[in-house]
Amino acid sequence: MSNALVIFAKAPLVGQVKTRLCPPLSPEAAAELARCFLVDTVERACRLPTVKVYLAITPAESESLFRSLLPFPVAYIAQRGISLGEREHNSFVDLLQHGATRMVLIGSDIPTLPLPHLQEAFQHLEDARGDAVFGPSSDGGYYLVGMRVLHPELFEHISWSTSSVMADTLAQAQKHGLNVTLVPPWHDVDDKDDLFRLVAELRQSDSDSQAPRTKTILTRLGLL
């Protein structure tokens with residue numbers, strides 16, 4: 001059995017990433033913060049034993065940029081599709097073609113995600129009775145989705161980028177008789193409220209090893 005973790009990532013270019021953080025951040029600061037999120041998230045993921053880490057990138061021609069930022073043993077695939085659902089679906093297709101038998105997908109803007117949440121997701125996928133596993137996020141979506149075999153219906157009829165994504169997805173699962181398990185909720189960083197929650201979380205953290213690059217830039221920006 002082969003465990004694969006794919007991290008969705010957009011090239012951290014000024015004016016093209018984390019635009020909902022502007023203000024309070026400048027486009028330059030938002031792009032630098034996105035780079036820190038990316039590196040911290042990938043570094044943490046690479047600590048997982050017996051898991052092959054992939055990066056699903058966009059745009060496809062930005063692989064050299066990602067390689068320059070990420071000195072970690074990751075493989076690269078390109079995101080394919082228009083909607084988020086299409087891109088997630090196609091990434092699972094690609095992982096299956098690479099021989100993966102337990103697949104988990106997360107974003108690149110969750111630098112403090114506890115590794116036990118990821119480990120729990122893979123553990124759920126060891127149970128043949130389960131069809132999918134999700135990690136709900138505080139905005140009504142999900143930060144994690146995992147499967148052993150592809151269930152395209154979980155990406156259909158979803159109002160993407162809305163607060164009903166998780167509810168829509170669970171409704172699809174119920175409609176098609178799929179057995180879905182949830183791991184503990186967590187939060188990604190999309191807007192200023194998410195940013196300030198991350199700052200508060202890092203202030204309370206005693207571990208210097210938790211999201212070190214993210215901590216450094218937030219400190220430099222005067223937020224931490």
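This is a predicted model: local features need pLDDT of at least 70, side-chain atom pairs count only at pLDDT 80 or more; totals for chains, interfaces and linings use all residues.
Local features are taken at pLDDT of at least 70 and side-chain atom pairs only at pLDDT 80 or more, while totals for chains, interfaces and linings use all residues. Residues are numbered from 1 along each chain as its sequence is written, and side-chain values use heavy atoms, without hydrogens and water.

Me: In what order do the seven strands of the open sheet lie?
Reply: Strands here are DSSP runs of E with at least two residues, helices are runs of H or I with at least four, and both are numbered from the N terminus. Two strands pair if DSSP finds at least two bridges between them. The pairing in this sheet is mixed, and the order is β3-β2-β1-β4-β6-β5-β7.

Me: Which are the edge strands?
Reply: An edge strand of this sheet pairs on one side only. That applies to β3 (75-78) and β7 (180-182).

Me: What is the average twist from one strand to the next?
Reply: Axes are lines fitted to C-alpha atoms (for helices over the stretch in contact), and angles run from 0 to 180 degrees between N-to-C directions. From one strand to the next, the twist averages 25°.

Me: Which residue in β2 stands opposite Lys 10?
Reply: Strands of a sheet pair through backbone hydrogen bonds, either parallel or antiparallel. β1 and β2 (residues 51-58) pair in the parallel sense over eight bridges. Along this pair, Ile 7 stands opposite Leu 55, and the residue opposite Lys 10 is Thr 58.

Me: Which residue in β4 stands opposite Asn 3?
Reply: β1 and β4 (residues 102-107) run parallel and are joined by six bridges. Opposite Asn 3 is Arg 102.

Me: What is the hand of the β-α-β crossover from β1 to β2?
Reply: The chain leaves β1, passes through helix α1 (residues 27-45) and reaches β2. With the strands pointing away from the viewer, a path from the first strand over the helix to the second that runs clockwise is called right-handed. This crossover is right-handed.

Me: How many residues of strand β1 are buried?
Reply: Buried means under 20% relative accessible area, exposed over 50%, and partly exposed in between (1.4 Å probe, protein chains only). Strand β1 (residues 3-10) is largely enclosed by the rest of the structure, because the buried residues number seven of the eight.

Me: How far apart are the end C-alpha atoms of α1?
Reply: α1 is mostly covered, with 14 of its 19 residues buried. The expected span of a helix is 1.5 Å times one less than its number of residues. For the 19 residues of α1 that should be 27 Å, which agrees with the separation of its end C-alpha atoms, 27 Å.

Me: Is the pair of Phe 134 and Tyr 142 stacked or edge-to-face?
Reply: Rings of Phe, Tyr and Trp (its six-membered ring) pair if their centres lie within 6.5 Å; planes under 30 degrees apart count as stacked, over 60 as edge-to-face and the rest as tilted. The structure holds two aromatic pairs. In the pair of Phe 134 and Tyr 142, the centres are 4.9 Å apart and the planes stand at 65°, so this pair is edge-to-face.

Me: What is omega for the peptide bond from Thr 58 to Pro 59?
Reply: Most residues other than glycine have a negative phi, and most peptide bonds are trans. A cis bond joins Pro 23 and Pro 24, with omega about 10°. Pro 59 lies in the loop between β2 and α2 (63-69). The bond from Thr 58 to Pro 59 is also cis, with omega near -5°.

Me: Is His 157 buried or exposed?
Reply: His 157 has a positive phi near 60° and lies in the loop between β6 (142-147) and α5 (165-175). Its relative accessibility is 65%, so His 157 counts as exposed.
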